[in-house]
Amino acid sequence: MTKDIKNPETIALHGGDYRSDPATTAVAVPIYRTTSYQFKDTDTAANLFALKEFGNIYTRIMNPTNDALEKRLAAIEGGLACVTVGSGQAASTFSITNVCQSGDNFISSTDLYGGTVNLFTHTLKKLGIEVRYADPVDPKNFEKLIDDKTRAIYAETLPNPYLRVFPIKEVSDIGRKYNIPLIMDNTASPIICKPIEQGAAVVVHSLTKYIGGHGTVIGGCLIDGGNFDWTTNPKRQPLYNEPDASYGGAVWGKVVPELTGANVAFAVRARVVLLRDLGSALAPDNAFGIIQGLETVALRMKQHCSNAEKAVEFLQKHKNVERVIYPTLHKGEIGARAKKYFKGGNGGLVGIEVKGGVEAGKKFIESLKMFYHVANIGDARSLAIHPATTTHSQLTEKELQAAGVTPGYVRLSIGIEHPDDIIADLKQALEAAGSVKLKAVS
Ligand code: PLP
């Protein structure tokens, strides 16, 4: 596909270099269910292992079905290379362990998915990697935490429950002064936001959500923006400037640009070191499922966003709703970030505080007829969850407050059904929740 095409609807169908299957001319990307690839001769095999030639070796590290998906994902995000992995969690894990080793630290936004908090606070700590949390309300909070051992900054573009859009350019500019890359989890805002264009060096996704789109497949990816030189301050990024004993002494920050002509050392290292050693490969069957979702993601995002706007309008006026949380409803500079960073919509996630606390929140969820009560987001179907009694039920009152989860808070992931049906379901469930409040009063 020509590189001049910038429209996401077209890139989602044609992006990358897959036109048809080279062996069969099949138009749909086939599932290459193979573990291994026959080497042409012994020299070719040796060259592939030495990275003197690029080609298929073994499906833990690469696969033609995954390759078609990876190139299309890189094109969608405006990056240069992509590595798919078995889940969004694996993508977050790889994104940090591809820059940090024991004794290093990285700075993360406090606005994060709970699974990522566990990974950063507990599991990475056990591996000797320290996370330092910064409140994204003020980008300067990130700079204050940088020291000689800081290797990366990590954040989510559209984190729930607060739904405050992250100041991507402001924080990326701070990081770049120190040769520190910004890694953005763009799971909740594909298509409507392109963090690489705003200075992020790496984008990660849980493909399980909007990109897969149908609640059928778990997957993740890391996209290398190709816009970050890992060698400008060699002491800052030792994994890219010191010889790698596990790969014949390769200095990744130097050898990758020499071999590929591009600054994609991050993606190459993630593939040939982390996938090689840690596994977590995405199965080609799952890559196929994600490609089906990816082909319509631009279309679905439009519908998710426009349905969410209509739901927000309705919810704001409802007497049983205390508060509505949506990116554009934040006041001042935080609300203005949605305008600055989002194009074509403000996302499909909506938070509401149901009047009447925990009991009313529970009743609301139980009364929904069309919305599914699940812990996922980004499905084509509308979804809802009451965090205080589920995902966040182990937290103390204080921790709940810090996480932005109030007793009646309900997270809605607005689907692509007809907006009238979404609103009708919300309406009848809010009326049922209102009856709980009345009973409590009488
Ligand atoms: N990042 C975000 C923002 C998420 O919401 C999730 C899952 O909910 C993940 C990462 C982890 O993705 P997965 O469930 O595919 O491992």
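Which polar backbone atom is 2.9 Å from an oxygen atom of the ligand? One that belongs to glutamine 89. This is a predicted model, in which local features need pLDDT of at least 70, side-chain atom pairs count only at pLDDT 80 or more, and totals for chains, interfaces and linings use all residues. Residues are numbered from 1 along each chain as its sequence is written, and side-chain values use heavy atoms, leaving out hydrogens and water.

| Residue | Atom in the residue | Distance to a ligand oxygen atom |
|---|---|---|
| Glycine 88 | backbone N or O | 2.9 Å |
| Glutamine 89 | polar backbone atom | 2.9 Å |
| Threonine 208 | polar side-chain atom | 2.6 Å |

The protein buries 89% of the 390 Å² that the ligand exposes when taken alone (areas by the Shrake-Rupley method with a 1.4 Å probe).

Around the ligand (a heavy atom within 4 Å) we also find, among others, Tyr113, Glu156, Asp185, Lys209 and Ile218. The shell has seven polar, three charged and two nonpolar residues; here Asp, Glu, Lys and Arg count as charged, and Gly is among the polar ones.

Now for the whole chain. Its domain assignment (automatic or from a database) gives domain 1, residues 8–294, and domain 2, residues 298–441. Their centres, taken over C-alpha atoms, are 30 Å apart. Where they meet, 35 residues of domain 1 are in contact with 40 residues of domain 2, contact being heavy atoms within 4.5 Å.

How values were computed: Polar contact = N/O pair within 3.5 Å; in protein donor to acceptor, adjacent residues only side chain to side chain.
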